Amino acid sequence: VWECNPTTSSDRCTGGGNGTTVQLRYAGGHCHAPSCLSIELYNDDTNELLCRQLPVYGSGQVEDDRFDELGYLALPPCLWGTEVEGLVAPVSLTFNTTLRSVKKNNATFGHYGEMASWQMRGVIH
């Protein structure tokens, strides 16, 4: 039993046992360089891969390009939307869907502060 209804609540609750779904529009994983190899998000109920993010490593080849720095990486997010926007259709999940995150690291060299997390945005549907 949920404490609030997400379709009527003003406090942005995440519950709602009335059959509503949330459509994922953005999923952005976070993991640290230089060891991050990938981060994946699964619907654990169906084992469906929802999002796989692979790092893009900076080359340092472009002078003064703060987004191409050697030793740093960018982790492009997964986006869903319309075909007109050039995106795949949103993934619909019920509020009791179990999600699983898998992060893969290169443990060849020690790295302090290893962690991972997700930020997601969706639309109640």
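These legends accompany close-up views of a predicted model. Residue numbers start from 1 along each chain as its sequence is written, and side-chain values rest on heavy atoms, with hydrogens and water left out. Local features need pLDDT of at least 70, side-chain atom pairs count only at pLDDT 80 or more, and totals for chains, interfaces and linings use all residues.

**View A. An open sheet of three strands.** The strands follow the order S3-S2-S8, with antiparallel pairing. Strands here are DSSP runs of E with at least two residues, numbered from the N terminus, and two of them pair if DSSP finds at least two bridges between them. Strand S3 (48-53) and strand S8 (99-105) are the edges: each has a single partner strand, so one side of each lacks a neighbour in the sheet. From one strand to the next, the twist averages 20°, taken between N-to-C directions of lines fitted to C-alpha atoms, on a scale from 0 to 180 degrees.

**View B. Where S2 meets S8.** Strand S2 (residues 36-43) runs antiparallel to S8, and seven bridges join them. Look for Tyr-42, which stands opposite Arg-100 in S8.

**View C. The second largest pocket.** Its volume is about 160 Å³, meaning the space filled by probe spheres set on the grid points, which are joined across faces, edges and corners. A pocket is an open set of points on a 1 Å grid over the protein atoms alone, where a 1.4 Å probe fits, with protein on both sides within 12 Å along at least five of seven lines; lining residues have an atom within 4 Å of a point. Among those lining this pocket are Tyr-26, His-30, Gln-53, Leu-73 and Trp-118. Strand S1 (21-31) and strand S9 (116-124) each give two or more residues, and S1 has the largest share, five.

How values were computed:
Helices (H or I, at least four residues) and strands (E, at least two) are DSSP runs, numbered from the N terminus.
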